Amino acid sequence: GVNLDTRLDYRFIDLRSEKNQLMFMVQSSFIKYMREYLYNNNFIEIHTPKLIGAASESGAEVFEVKYFDRKAYLAQSPQFYKQMAMASGLEKIFEVAPCFRAENSNTSRHATEFTSFDVEFSYINSYEDVMNLEAEMLTYALTKLKEEFGEKVKETFGLDIVVPTLPFPVMKLSDVYKELEERYNYKVPESEKTDLTTEAADKRAFYHMRNEEGKLQGYDLIWRGVEITSGAQREHRYEKICENAKSKGLGEDVKFYLEFFKYGCPPHGGFAIGVDRLTMLLLDIPTIKESQFLFRGPNRLNP
């Protein structure tokens, strides 16, 4: 019954409640069933470095750390290494691991350290293959989760675990903006019509593929009004990805990454899901501070 900051200070006591115990049991099983779906479809789990020599995402700040006599960064995502796996012939991979974002975002859904469920696979025809696999994985996991915890979640949280039906509804981004304007008279500036985020001025990463018209071949998955995934087909053509990196002003920092594509790389794509945000939305938790075992944000580094 005390305020959230006090609860987080004494998280080891706060976690003793029946609700919190169940929340982490559900989270653990959710990850287990997503893993199970991927293992059943011949994916392998890999483990990539979290200390890296170059920033791995655009549009997000990095934590810089002293690495002996030089600088290193905490990984914002395993993206570079997921694509290295594609170039090396590991055709279907995933990883569940921490990611770090040095963004001063004080919202109910952001954290400076979070657990990301990352997937990447080769020989796709388009980003729609990535969308379909993610939809099937989530539907499979939620079906299993409902069987295991449906009654207990209803009893403790007062809500149902809803299993979505396939295919998931899809809207083109242009239609989203059109609907916003027609329904709510809400106009999005032209400069921001490249993404669904509020800082959307073309900050999509240079490794995302674009078609001949320059449109990004990717998607966002929205659940209960919140983005839980950004996925895409990646650019696998060496000359093109070098050109993209140059246009973003990236040079020596990503030289090692560009080498992955020099000797041939299959068409591929992937996505990432924030486990803590997923848990928050599944169980209608007010803030990600409560759906993480220990929250890390701009103003919290303890316990």
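Me: Are phenylalanine 260 and phenylalanine 261 buried or exposed?
Reply: In this predicted model, phenylalanine 260 and phenylalanine 261 are both buried.

Me: And how are the rings of those two placed, stacked, tilted or edge-to-face?
Reply: The ring centres of phenylalanine 260 and phenylalanine 261 lie 6.4 Å apart with the planes at 45°, so the pair is tilted.

Me: Which residues do ring pairs link into a cluster with them?
Reply: Ring pairs join Phe260 and Phe261 with Phe80, Phe206, Tyr207, Phe256 and Tyr257 in a cluster.

Me: How many aromatic pairs turn up in the whole structure?
Reply: A search of the whole structure gives 17 aromatic pairs. One of them is formed by phenylalanine 24 and phenylalanine 293, whose ring centres are 6.2 Å apart and whose planes meet at 80°, so that pair is edge-to-face.

Me: Where do phenylalanine 24 and phenylalanine 293 lie?
Reply: Phenylalanine 24 is in helix H3 (residues 18-40), while phenylalanine 293 is in the segment after helix H10 (288-291), so the pair ties together parts 269 residues apart in sequence. Phenylalanine 24 counts as buried, with 19% relative accessibility, whereas phenylalanine 293, at 53%, counts as exposed.

Me: Switching topic, how many residues of helix H9 are buried?
Reply: Eight of the eight residues of H9 (residues 275-282) are buried, so the helix is largely enclosed by the rest of the structure. Among them are Asp276 and Arg277, along with Leu278 and Met280.

Key: Residues numbered from 1 in each chain as written. Predicted model: local features only at pLDDT ≥ 70, side-chain atom pairs only at ≥ 80, totals over all residues. Heavy atoms only, no water. Phe/Tyr/Trp six-rings, centres within 6.5 Å; stacked < 30°, edge-to-face > 60°. Helix = DSSP H or I, 4+ residues; strand = E, 2+ residues; numbered from the N terminus. Buried < 20%, exposed > 50% of the residue type's maximum accessible area, 1.4 Å probe, protein only.
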